[in-house]
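User: I would like to go through the terms used for this structure and see what each one rests on. Please start with a pair of helices.

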Amino acid sequence: MIRILFLAMVLFLSLPVAAQNALVLQSDFGNKDGAVAAMKGVAVGVSAQLQIHDLTHEIPTYNIWEAAYRLEQTARYWPSGTVFVSVVDPGVGTQRKSVVLKTKSGHYFVTPDNGTLTFVAGSLGIEAVREIDEAVNRLQNSDQSYTFHGRDVYAYTGARLAAGVITFRGVGLELPLAVVSIPYQRASFHDGSVIGNIPILDVQFGNVWTNISRELFQRLNLKHADQVQVTITHGHVVVFDANVPFHATFGAVDQGSPLLYLNSLNNVALALNQGDFASKFGIGSGGDWAISISPKSCNKGK
Amino acid sequence: MIRILFLAMVLFLSLPVAAQNALVLQSDFGNKDGAVAAMKGVAVGVSAQLQIHDLTHEIPTYNIWEAAYRLEQTARYWPSGTVFVSVVDPGVGTQRKSVVLKTKSGHYFVTPDNGTLTFVAGSLGIEAVREIDEAVNRLQNSDQSYTFHGRDVYAYTGARLAAGVITFRGVGLELPLAVVSIPYQRASFHDGSVIGNIPILDVQFGNVWTNISRELFQRLNLKHADQVQVTITHGHVVVFDANVPFHATFGAVDQGSPLLYLNSLNNVALALNQGDFASKFGIGSGGDWAISISPKSCNKGK
Amino acid sequence: MIRILFLAMVLFLSLPVAAQNALVLQSDFGNKDGAVAAMKGVAVGVSAQLQIHDLTHEIPTYNIWEAAYRLEQTARYWPSGTVFVSVVDPGVGTQRKSVVLKTKSGHYFVTPDNGTLTFVAGSLGIEAVREIDEAVNRLQNSDQSYTFHGRDVYAYTGARLAAGVITFRGVGLELPLAVVSIPYQRASFHDGSVIGNIPILDVQFGNVWTNISRELFQRLNLKHADQVQVTITHGHVVVFDANVPFHATFGAVDQGSPLLYLNSLNNVALALNQGDFASKFGIGSGGDWAISISPKSCNKGK
């Protein structure tokens, strides 16, 4: 009797805590209607104990690139085992695959395989990819709905995985170790300059974020307060071309003044202290926005 | 001793899980200030373990119709026992009743009885209605506040019900099996056409949602790729009148092209693939927006 | 054996519930990108069981005054022990101190000490202030990031405190019993009138909130339905000057009509029933917006 009691207690103590990982939702649904709440209801129906969090639901509609970037920006700050569900799905109901990526870091990403995994597959590493078997992993009685896989398939599968109702194997058949990737230019060091791209803006503050890493930037051998020559082009048009000081943080320059710094992802970025660099200088983001950085040269300084 | 221990453990294992249901909050308060957080603080004060979720807080101010629709759109995806608190309350402090509706599906709705329950009362069925007894179910020391029943009465009562602090009976006296309903026109089949209303837009994507159910639509005997004659009128003005193909999902037509489909609530809807149907054609929603659908006829096709 | 089992069970029953307090996050980061989610990931990494809630993330960028007000508006509705993390931090990376305030009410506030604590320090009382020791209370491997203390220091420390990983003493060294305060004018009674300030608008509804308390207002000896003479000035310009009735709640006047009432914080406020007082009359908020209230006098009534 005591043994049984003891075993029951050990089981109880170990099971519920061990089995549940956080579920993190991202979409382009906005927060004005009931779409996100329908997804959460499905998840709570899978497990009432599930910890459900939002990444963002304000991805611009159909913008897979930004969805990919927001996962890259945040996933590494969540514990291994966290299950991300990302639903930016312009191809809902077409032949794009519904997959779960497990990264080498132990994170899971439940999403249409449409480019959303572009960055995390590279940075966190592909451990395995499985295709969601909708014969098993689909909300009951939802088979007449073709337009809301976020609720019927992705939230449902993500919740089951996070709650331990299914294992990763239970998702469905294993696919080759690859995901659909959006092509993009990587940053490089060339002839004393670093050349990169502006993948995204820090929209809330108007800071300009680049894909130039700390490591690459360090090849310029700059120290804080050094001036840097920065040229930003949109296609063939030069939009910004000026010297900017390199500093650790905003407060190192006067209010309203520009600086170059390393942002919270350890990439090169540009800001105005308490101002909006992007709107002041008309900077955007995307594949056709390039940036070149070099130490200020007396020959070409202005 | 062992028996007592065993009983204690059984009690412990059964109680906390059984007693707590999710609490889901909806309002027209927006997310810019502290109103929603004050409600959540009151709920956490009732039970630190409570799982609290948001439906939306961006219901347009005083728009009871939209509050009613968002409950209808989402409640069925939450488990039985879930407690919804909806506070769109233009009549706060007047004689409208504060009630809790229990539906036949086992969901609870805590709200001013001002039309917010129009749809869920019909679709989920009225099991019982109780009036909130504010002598018991009101935040302590809040009796000098007349303008924030969302915090002082609804969140407090909803949290107590969800956490099992009170039973449904503990809400207050039972009322007749009825709620205040906003009058609206139901969809109908007439002379080979289906006539309905546009209760709401899928605002994030610009899709036009109707109140025409799958069952009613099926009386037109259409199959995928068939053309449908769609006429949308605002009052007496024809705003849209064209043929549109019926498809299962957006990807079946070219980007930017229109289609008629069955939405995530199994109602007829109109969309542009990756576009915004409502803004392109100037469609709105409400009681004075009517839609007529019929199979394309050679006689009147254009 | 039984005793050990019993002790283990008692320990288990008492520990997890006692140790965890709610974590409430506020910032000016907006909800469009991954900044808030990165903070939450760090918190979940500290403790998977933590209950994490949002106050708001739509504080206007760099607006410390509004951050201070939103804490004041909500903190008292949360249970003692709740940990608030507020990150409106225009001086990130400069010499402003990172602190945790414990109030006499038992609430904790984790924030840059830049004025954010102006109101709660006064209303809830300063029990103790400690400076965050970043040698201990900083996310591992984040020391190369200088611009996101919200994630690396504040969310991390707040989560550790809320989860019971550290005690308040574990935050760092104790500071004097003082916080940085933004100067502001207090309301006063003078010559039969009450004079106050408009610290903030109830933005969602357009109501005008003042810093005039119920107690101060009561010195005017008014009863419901009495007319009140209200004058609002912006600097030296009179923006609003009219009689308004005093009522308990909006529904006491016709739709669109003005009233003076006591708001959900027990302060004097102005509204139009189901309308937007602030935009109709062009009222703003801040240190240069003053309001004067007196009983309607026959001599000067208009």
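Analyst: This is a predicted model. In chain B, helix 2 passes helix 5 in a right-handed crossing.

User: What makes the crossing of helix 2 of chain B with helix 5 of chain B right-handed?

Analyst: A crossing is right-handed if the near helix is turned clockwise from the far one by less than a right angle. The axes of helix 2 (residues 35-46) and helix 5 (residues 149-163) of chain B cross at roughly 35° and come within 8 Å. The crossing of these two helices of chain B is right-handed.

User: Which residues of helix 2 of chain B and helix 5 of chain B meet?

Analyst: From helix 2 of chain B they are Ala38(B), Met39(B), Val42(B), Ala43(B) and Val46(B). From helix 5 of chain B they are Gly150(B), Arg151(B), Ala155(B), Tyr156(B), Ala159(B), Arg160(B) and Ala163(B). Contact here means heavy atoms within 4.5 Å.

User: How many residues of this contact in chain B are nonpolar, polar and charged?

Analyst: The contact has 9 nonpolar, 1 polar and 2 charged residues. Arg counts as charged and Gly as polar, while Tyr counts as nonpolar.

User: What is the crossing of helix 2 with helix 5 in chain C?

Analyst: In chain C, helix 2 passes helix 5 in a right-handed crossing. The axes of helix 2 and helix 5 of chain C come within 8 Å and cross at roughly 35°. The residues of this contact in chain C divide into 9 nonpolar, 1 polar and 2 charged.

User: How do you know whether the copies, chain B and chain A, meet through different surfaces?

Analyst: Only 13% of the interface residues of chain B are also interface residues in chain A, so the surfaces through which the copies meet are different. For chain C, 12% of the contact residues recur in chain A, and these copies also use different surfaces.

User: How many residues are in contact between chain B and chain A, and what area is buried?

Analyst: In chain B, 38 residues are in contact with 41 residues of chain A. The area buried between the two chains is about 3300 Å², and carbon and sulfur atoms give 63% of it. Tyr77(B), Gln204(B) and Phe205(B) supply 17% of the area that chain B buries against chain A, more than any other three residues.

User: What makes strand 8 and strand 13 of chain A edge strands?

Analyst: The open sheet of chain A has 5 strands in the order 8-9-16-12-13, with antiparallel pairing. Strand 8 (188-190) and strand 13 (237-245) of chain A each pair on one side only. The twist of this sheet averages 25° from one strand to the next.

User: How do you know that strand 9 of chain A and strand 16 of chain A pair?

Analyst: Two strands pair if there are at least two bridges between them. Strand 9 (residues 193-198) and strand 16 (residues 286-295) of chain A are joined over 5 bridges, in the antiparallel sense. Ile198(A), for one, has Gly286(A) of strand 16 as its bridge partner.

How values were computed:
Residues are numbered from 1 along each chain as its sequence is written. Chains are lettered from A and ligands numbered from 1 in the order in which they are written. This is a predicted model: local features need pLDDT of at least 70, side-chain atom pairs count only at pLDDT 80 or more; totals for chains, interfaces and linings use all residues. Side-chain values use heavy atoms; hydrogens and water are left out. Axes are lines fitted to C-alpha atoms, for helices over the stretch in contact, and angles run from 0 to 180 degrees between N-to-C directions. Helices (H or I, at least four residues) and strands (E, at least two) are DSSP runs, numbered from the N terminus. Buried area is the accessible area (1.4 Å probe) that two parts lose on being put together, summed over both.
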